2 protein chains.
Amino acid sequence: MTVTKPLTDLEIAYNAEMKPISEIARNAHIPEDALEQYGRYKGKIDPAKIPGEPKGKVVLVTATNPTPAGEGKTTVTIGLSDALKQLNQKVMVALREPSLGPVFGIKGGATGGGYAQVLPMEEINLHFNGDFHAITTANNLISAIIDNHIHQGNELNIDPRRIIWKRVLDMNDRALRKVVVGLGGPTQGIPREDGFDITVASEIMAVFCLATSLEDLKERLSNILIGYTYDRKPVFVRDLGIEGALTLILKEAFKPNIVQTIEGTPALIHGGPFANIAHGCNSIIATQTARKLADIVVTEAGFGADLGAEKFMDIKARKGGFHPDAVVIVTTIRALKMHGGVEKSELTKENVSALLKGISNLERHVQTVRNFGIEPIVAVNRFITDTEDEIQALLNWAKTKNVRIARTNVWEEGGKGGIDLAKHVLEVLNEPKQFAPLYDLSDSIEQKITTIVQKVYGGAGVVFADQAKKQLKQIEENGWSNLPICMAKTQYSLSDHPKLLGCPQGFTITVREIIPKLGAGFLVCLTGEIMTMPGLPKAPAALKMDVDEKGNAVGLF
Amino acid sequence: MTVTKPLTDLEIAYNAEMKPISEIARNAHIPEDALEQYGRYKGKIDPAKIPGEPKGKVVLVTATNPTPAGEGKTTVTIGLSDALKQLNQKVMVALREPSLGPVFGIKGGATGGGYAQVLPMEEINLHFNGDFHAITTANNLISAIIDNHIHQGNELNIDPRRIIWKRVLDMNDRALRKVVVGLGGPTQGIPREDGFDITVASEIMAVFCLATSLEDLKERLSNILIGYTYDRKPVFVRDLGIEGALTLILKEAFKPNIVQTIEGTPALIHGGPFANIAHGCNSIIATQTARKLADIVVTEAGFGADLGAEKFMDIKARKGGFHPDAVVIVTTIRALKMHGGVEKSELTKENVSALLKGISNLERHVQTVRNFGIEPIVAVNRFITDTEDEIQALLNWAKTKNVRIARTNVWEEGGKGGIDLAKHVLEVLNEPKQFAPLYDLSDSIEQKITTIVQKVYGGAGVVFADQAKKQLKQIEENGWSNLPICMAKTQYSLSDHPKLLGCPQGFTITVREIIPKLGAGFLVCLTGEIMTMPGLPKAPAALKMDVDEKGNAVGLF
């Protein structure tokens, strides 16, 4: 008997045979002059050259609160689109771009896994077509212009202590979180405190993903609030006069990227904002472009349904003028057992009672989706240690609660492992539904936040810290209350305590700060320490990476 | 009578009809599978897929010491290649990539001008194919890994005060020249002094441009010296164990970029290190790839012949195992008048005596090229204010000194304006020559520097500051003396005083510091304050940039 080592994602990706991107694009009815190739297997498409209206139906893939067990949301998103293709649907998948920084930190990609991957995975996980580099450049041009403006006389009277705009790098680099810049004497600028976020946390990333056109992009960029004057007046990018330059920097990046899944389904991968301090969805321009080209667009939102899906509905869909026609909630037996109190080391053991307890987390998210007027489908993503009793317990719960549920095995089988789920999705797509965002923009800020806490998190109410109260008043005075809310909360719990798994009850959410992001067009509510610049672990993944003699990537995943 | 405004470089570029890059590549006999398109008009070529040996002859274009009057070296380089094409030569032009940072600062591109440009100029001047972003990422991964290593226990015993590796951004941002990083308490890293250079000043840029293969790239990356331990032992990138990851980050960038001139001549544009603290030439891999594909490769080196050309011969050509077969020295009547003492505001007035005085600068560079065993050709790049008397005076000097000289008018006429120069070049290419670098690597460091000062700058000798003497001793003890010298000197003067124009006599050069760049494989000799992070001017060019309703760049140049 020979024991074979299972293939890594990278090996599976390299073994897969890719079609030229021109062929993928042709099959997707993308006009030849709308495709710009970036290498043989990647491209960009010019949305202005895609005829027609965005009419495709949208399938949103979300998940239970993430656990260290892993749920496989992106993998299911890809596998589901491949399954729909196998069922002869005209389908596209629309995903977020991976951030480069974490690639060198902890092993783990953002391009799916096993036989449900997008390709070429190593290029998508590295620089891809340069979009994040363009966003980094645009972000840092604002900073350079701010410091130069102050250095050259500070006509706008900017208070260096009240600059809220930070620099960014697409790198996990904790030493850059808090820095002092402008040292070295009078020719080197004005010393001030500053810090670097990771690029995905840049407001430009959120702006990029919410803009509906190049013109709208410029308008949003001009509205970015960068700080305040000595007499507390807001200062915007338009006061610096560089919204044109920023748009120029971003104009090529703003075209959605096209690649393919292992099974040749066209994939648009574009933008990737954080799902805590931003809204965690791929770009509106990519989703809408996909909706022009395909009858069904499968897309995902970051973290669990309490963060990504809520923001997808209340922020992205509202701005984009569309709504999801079906919502899939991905979970695993393992993840639910963790929500039921099982330690990671004990996950391989059958534990039906913990599972039943952990289902409360899933149940909360089912209710959330129903609150938006959509009947969700639960996808139970297979893991090898799942027992038949555990699965039956979950299926029984679903039956009792009248919840649609499907088992998936896309990591191992690709699209074939998602056929059952795809059939459920097709059924839901043909049902009537009454989608509505959870709150009106004209509701007061307190009302909007309370609605999210009660209808999404299942909490009792909201407490505002003094700082938040002060900022709330300032926001109202400045006339910025009419914006949607972007909650920055831990992804691990429905509450604002990362250790409260399952479905905590009766808790309140404490809003510590409210930050106006006027370019993105939302108010970020900070409910805890939100990490906007990750660090590297003791043994970073970078140590194992290499290039082999054929020029191929090694040790990427 | 209608007065028409002359077209800007950007307008000329947009009016030009480009051929698809696939056609340019086909005409250049690039195998189809070696071309990777990046959009419709840009590509990368995989050197591993280009058959044959590098046999093409190399024409190096250099210049007199730069003045505010402008010489047009890149413009002549491009125009000369177009002229050679018009003369039915199989020619390629190999240029440096422009840095993004200065684009937003002071108006002025690096893609030629008028009818001697490379296209698409706006993309080449912005992100191009992402090479500099990859270099930025690689550079900053080293920094993140260093700070993380110290934070995680500092097994290598790195002294944070003796880290010589700096972070970079491709941005003119003076406030980042001197910073303190790692602030904010024990979870945020170790506080230490640091600074940012502009990306073109990164040693990785020099490494990238001197590597002859991906394998050699990795070897050089591993040799980069990043600092010293508390007990003064050198610490290298290989000690951090990330040369594989760095190579992976750079592997796509390492493929030369292909574009076209306005007249359809294939152009390889790849790499772009500073010509003061680095060697100022495009990549060896691009030059050698071009030499496989074309009979003649026209290339340029940064600043005047005292910096770029000297380094081309003594560093790049030596490492690459080739030599220039002809050298063109570009100058203008205006520039020579400035070297003769005329102020910029007075340049429009005829001044033959100042011209004759300023010719001393040109004469020095002619001698330098002759010292390498090559007979140069002077290209007098036309400017509208040149008078016939001035031109005759210069031609007379050339006749007396037996110097080949040609007039060029490539800005206005493209290749046609470079035909006379091209004929001279073809003549020289067919003559026998005895090229040799100026010094042997086994010479002592003092000897090598003295040779450059005397044979290139025309100076009397070298003075070593105390710091340099100390470093010299350290370098000898570490066994690094056998490397070529990379002089970091002002570009404006043959001496180390930027205001000494023309051909100063009897001066000494003061070497203040000697910095080992062990990845690049040279010793940088600092002779003055060398700016490695530029600042923005009071009214940055960014303020005028925009995108029009067609999505085209506005105000880029």
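Of the residues of chain A, it is Tyr38(A) whose C-alpha comes closest to the rotation axis, at 2.0 Å. That axis belongs to a predicted model, and here is how the two copies sit around it. Chain A can be laid on chain B by a turn of 180 degrees and a shift of 0.0 Å along the axis, with an RMSD of 0.0 Å. The two copies are therefore related as by a two-fold rotation axis. Both copies also use the same surface, with 100% of the contact residues of chain A recurring in chain B.

Now for the interface itself. On the chain A side 69 residues are in contact with chain B, and 69 residues of chain B are in contact with chain A. Putting the chains together buries about 5,800 Å², and carbon and sulfur atoms give 62% of that area. There is a polar side to the story too: 37 residue pairs are in polar contact between chain A and chain B, counting pairs with both residues at pLDDT 80 or more. Four salt bridges turn up across the interface of chain A and chain B. In a salt bridge at 2.9 Å, N to O, the side chain of Arg167(A) meets that of Asp173(B).

Which pieces of chain A do the touching? Helices H6 (131–151), H8 (214–222) and H10 (243–250) of chain A are among the elements that each supply at least two residues of the side that touches chain B. Sorted by class, the side of chain A that touches chain B has 35 nonpolar, 20 polar and 14 charged residues.

Within a chain, there is a second kind of interface to look at. Chain A is divided into three parts: domain 1 (9–126 + 256–429), domain 2 (131–250) and domain 3 (445–527). The C-alpha centres of domain 1 and domain 2 of chain A lie 33 Å apart. Contact between these two domains of chain A involves 24 residues of domain 1 and 17 residues of domain 2. Together, domain 1 and domain 2 of chain A bury about 1,700 Å², with 65% of it on carbon and sulfur atoms. On the domain 1 side of chain A, the residues that lose the most area to domain 2 are Phe274(A), Ile284(A) and Lys319(A), which together account for 22% of what that side buries.

As for polar pairing, seven residue pairs are in polar contact across the interface of domain 1 and domain 2 of chain A, with both residues at pLDDT 80 or more. Helices H4 (100–103), H11 (284–293) and H12 (305–320) of chain A each supply at least two residues of the domain 1 side that touches domain 2. That side of domain 1 of chain A divides into 11 nonpolar, nine polar and four charged residues. The salt bridge count between domain 1 and domain 2 of chain A is one. In chain A, the side chains of Asp131(A) and Lys44(A) meet in a salt bridge at 2.7 Å, N to O.

Over all chains, the whole structure holds 62 salt bridges. In chain B, Asp131(B) and Lys44(B) meet through their side chains in a salt bridge, also listed at 2.7 Å, N to O. Asp131(B) lies in helix H6 (residues 131–151) of chain B and Lys44(B) in strand S2 (residues 43–45) of chain B, so this pair ties together parts that are 87 residues apart in sequence.

Conventions:
Residues numbered from 1 in each chain as written. Chains lettered and ligands numbered in written order. Predicted model: local features only at pLDDT ≥ 70, side-chain atom pairs only at ≥ 80, totals over all residues. Heavy atoms only, no water. Domains from an automatic or database assignment. Contact = heavy atoms within 4.5 Å. Buried area = accessible area lost by both parts, 1.4 Å probe. Polar contact = N/O pair within 3.5 Å; in protein donor to acceptor, adjacent residues only side chain to side chain. Helix = DSSP H or I, 4+ residues; strand = E, 2+ residues; numbered from the N terminus. Nonpolar A, V, L, I, M, F, W, Y, C, P; charged D, E, K, R; others polar. Least-squares fit on C-alpha atoms with pLDDT ≥ 70 in both.
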